[in-house]
Each structure stands twice: as structure tokens, then as C-alpha cells.
Amino acid sequence: EKRGGPIVDTKELVGEDLKDLKNNIRNLLGSGHPMLDTVSKYYFQADGKHIRPLIILLIAQATSLASKKVHVKVKDSYEEIDTPISELSNFHIPTLHNTNSTGLEVSTGHAVNPIYTPRINAVDHSYILPSQRRLGEIVEMIHTASLLHDDVIDMADTRRNLLSANESFGNKMAVLGGDFLLARASIALARLRNHEVTELISTVIANLVEGEFMQLRNGQVENGKNSRGKMTTFEYYMEKTYMKTASLISKSCRSSAVLGGASDELVDDMLDFTVSSEEFGKPTGADLKLGLATAPVLFAWEEYPELGKLIKRNFDREGDVETAWNLVLKSQGLAQTRKLAQIHCQRAIAAISLLPDSQAKSALIQLTEKVLDRKK
Ligand code: FPP
Ligand code: MG
Ligand code: MG
């Protein structure tokens with residue numbers, strides 16, 4: 001047993017739902033132009049980790065156990081009842097016409113469309129709604145759009161062991177491929193017919209751009225203060241990281257809970273990962289070469305003030321990258337970065353603890369440990 005209870009097989013919990021993800025995304029991306037098709041689907045060939053949809057589905061399950069309002073069709077009208085979701089199994093397999101922010105719309109008739117049949121976890125009787133699965137697809141599309149653009153900006157030549165899209169098709173097509181993904185994701189988002197979720201996910205898109213923009217301006221460090229007001233370099237780094245990485249994960253979790261009809265109170269308290277640990281622990285030469293001072297470097301700077309001038313000139317002189325690399329390894333920077341990531345994992349765990357016990361809850365707690373120990 002681990003901290004979060006028994007070790008849970010995440011695949012068993014949401015594997016089936018994740019399996020459809022790539023196919024469903026491909027269906028959302030059909031276009032009349034074969035080349036646009038190829039470019040926009042390109043990054044979905046590789047085996048991505050799908051960490052964002054995974055978290056969304058686990059949150060869906062973990063929050064579905066809380067009591068929620070459900071519209072139940074009785075003869076010709078709908079009645080709103082407040083029920084623990086586990087009791088819903090009394091309605092046989094609920095067939096869904098539609099979902100909205102108040103929760104499930106359950107009818108006693110036959111499913112109009114088989115994809116609207118929710119999967120019920122035999123152990124928990126917990127639900128993943130079609131809208132929540134769709135949210136996972138939307139979020140993965142937005143993430144992939146940002147990667148297409150990111151690889152152009154970073155002039156990356158590989159991604160997920162493939163030639164990058166910009167290398168394969170050129171910058172112009174890679175950018176337009178990303179735009180197309182974003183557009184189709186927006187259509188799917190609109191079709192969820194949930195204003196709160198639309199607002200959350202649209203904010204994420206803006207945040208991704210803001211985070212990337214903050215990173216572009218990263219070099220402008222004056223005496224530990226950054227160009228953006230009075231923020232210290234470290235505060236700026238944390239804000240950038242929130243914008244670029246954590247906002248998507250945090251607001252996706254919230255959206256998943258909102259779609260499931262979780263109460264406002266529950267949603268408010270839940271999973272405000274202020275910063276994800278994803279970003280940390282990788283002062284791969286690549287970041288330095290891009291002129292980026294990440295957390296390990298910023299921590300090392302406190303021990304070795306001489307790093308300051310290298311950070312300021314974006315490691316652009318001969319030998320700067322090696323010097324910085326060696327100082328980081330000699331310093332407490334990596335250990336401090338790990339500690340920082342651990343603190344954020346603890347915060348995430350504290351937020352998750354508010355949910356009723358379930359396998360999905362254990363899996364989410366487990367995930368915080370996995371994220372800390374990941375190697376790629
Ligand atoms: C990867 O970072 C990049 C991101 C997480 C976000 C990039 C965002 C944009 C380019 C803004 C445009 C956004 C949209 C929605 C089109 P990285 O370069 O540090 O990591 P890597 O090692 O995966 O390349
Ligand atoms: Mg990159
Ligand atoms: Mg980048």
C-alpha cells in the first residue's frame with residue numbers, strides 16, 4: 001500500500017476510454033484537404049502519454065461519486081433529483097441524450113447514439129460522461145496545437161522520436177496545422193454547450209500564449225528583477241510555468257468536474273495545482289541552449305552568483321552552456337527543484353483528499369508520485 005491507499009491499475013480504470021481518444025480526435029479532424037489532414041493528424045501517430053486526458057477522466061470518475069443533480073425522465077417530463085451517483089445504477093444503464101452543467105440528463109429510453117452510453121466502472125459505479133471524454137479530446141488537441149507551434153518557435157527537429165512537423169512539412173504548414181487543430185477543438189468545445197467550460201478552456205488557450213510570450217522575454221533580467229513589474233526572476237518563472245503548463249491541467253480538471261455536475265463548493269476547492277511539477281527537473285542542455293534559465297538554474301544562481309551574468313546573456317557565449325550545466329550539477333539546484341515539485345504535489349494531494357474515496361482518487365494521488373519520478 002502507498003500513501004493514497006492500494007495501488008490502482010490506471011489502465012483498468014480508464015484504459016478503455018483512453019483507447020478511443022486518438023480515433024475520436026482523428027474523426028474531429030477530417031478536412032477536405034489531404035495535406036491539411038496529414039499535418040494536423042501528424043503528432044497523433046506517435047505514442048503520447050496522454051497525461052491530460054488521463055487526469056480529466058480520473059477526475060471525472062473521482063467526482064462522479066459525489067452527490068449531484070440528475071435529470072431523470074419520467075414519462076414525458078424531466079425531474080431533477082439529487083442523488084449519489086452510485087444509486088444511479090438503479091436506473092439500469094442510463095441512456096444519455098445530452099449533458100449539461102447540472103449533470104446528467106438521463107432517460108429511460110434507448111440510447112439515441114451508442115457513443116452517448118456512459119461506461120460504468122463495475123467496482124465504483126462511477127461514471128465518465130461522453131462530454132468528459134470529449135473534453136479530454138479537446139484538451140489533447142489544444143495541447144498538440146501548442147506543440148506544433150512550439151516546435152516552430154524552438155526550431156525543434158524531433159518530437160516523440162519523429163521528425164518534427166516543421167521539419168517534415170515546413171514552418172508554414174506546421175503553423176496552419178496547429179491553427180486547424182485549435183479551430184476544430186473550439187468547435188467541439190462549443191458543442192459541449194457549457195458556458196463555464198468554454199470560458200475555462202478559452203482562458204487556457206490565452207494562458208498558453210502568455211506563458212510562451214513570458215518565456216520569450218525571459219532574458220530580460222535586471223538584478224534578480226524582471227521586466228514585468230517588481231516580480232523576482234523566480235516569481236516570473238513560476239508564473240510563466242503556470243501559464244504555459246499548469247493552467248491547462250488545472251482548468252481541465254475544473255472543467256471535468258463542472259461537466260460532471262459537481263457542486264460549486266467541490267469545484268472551488270479542487271485541484272488548484274498552482275504549478276504543475278511537469279516543468280521541473282529538466283535542465284536538459286536543450287533549455288540552456290535556448291537561453292532559458294529553469295528552476296534548477298535559478299536555484300543554483302543563489303549558490304553561485306557568477307551564474308547571473310550567464311543567465312543575463314542567455315548562455316550565448318562559447319562555453320556558457322557547459323559552465324552553467326556543471327554549476328547546476330554541483331549545486332543544490334536539482335534537489336531544491338525536486339523539493340519544490342514535491343510541495344506542489346502535496347498541494348494537489350491535499351485538494352484531491354476532499355473527494356470521496358475511490359479507485360480514481362487513489363490513481364490521481366498515485367499520479368502525483370509518477371509525475372515526480374518520470375524520466376521523460
Ligand atoms: C512546450 O514547451 C510548449 C508548451 C507547453 C506551450 C507552447 C505554447 C505556444 C507555442 C503558444 C501557442 C499556443 C496554441 C494553443 C496554439 P517546451 O518547448 O518547453 O517543451 P518541449 O520540450 O516539449 O518542446
Ligand atoms: Mg519546445
Ligand atoms: Mg518551447
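**Exercise 1. Describe the shell around ligand 1 by residue class and by the helices that supply it.**

Solution. Sorted by class, the shell around ligand 1 holds eight nonpolar, four polar and four charged residues, where Ala, Val, Leu, Ile, Met, Phe, Trp, Tyr, Cys and Pro count as nonpolar, Asp, Glu, Lys and Arg as charged, and the others, Gly among them, as polar. The model is a predicted one, in which local features need pLDDT of at least 70 and side-chain atom pairs count only at pLDDT 80 or more, while totals for chains, interfaces and linings use all residues. Residues are numbered from 1 along each chain as its sequence is written, and chains are lettered from A and ligands numbered from 1 in the order in which they are written.

Next, take the members: 16 residues surround the ligand, the closest being Ser146, His149, Asp150, Leu208 and Glu212, and a residue is near a molecule if its C-beta atom, placed from the backbone, lies within 6 Å of it. Finally, assign the helices, which are DSSP runs (H or I, at least four residues) numbered from the N terminus. At least two shell residues come from each of helix 5 (130–154), helix 7 (171–190), helix 8 (195–216) and helix 9 (233–259), and helix 5 gives the most, with seven.

**Exercise 2. Determine which residues of helix 8 are buried and what they pack against.**

Solution. The buried residues (20 or more other C-beta atoms within 10 Å of their own, against 12 or fewer for exposed ones, with C-beta atoms placed from the backbone) are Val197, Leu200, Ile201, Val204, Leu208, Gly211, Met214 and Gln215. Seen down the axis of helix 8, they fall within an arc of 135 degrees, so they line one face of the helix; the arc is that of the directions from the helix axis to the C-beta atoms. The face turned away from this buried side carries the exposed residues His195, Glu199, Ala206, Phe213 and Leu216. The buried residues of helix 8 pack against helix 5, helix 7 and helix 9.

**Exercise 3. Locate valine 328 and state whether it is buried or exposed.**

Solution. Valine 328 is found in helix 14 (residues 320–330). It is buried, because 25 other C-beta atoms lie within 10 Å. Its C-alpha atom is separated by 6.5 Å from that of proline 296, which is 32 residues apart along the chain.

Conventions. Two residues are in contact if their C-beta atoms, placed from the backbone, lie within 7 Å.
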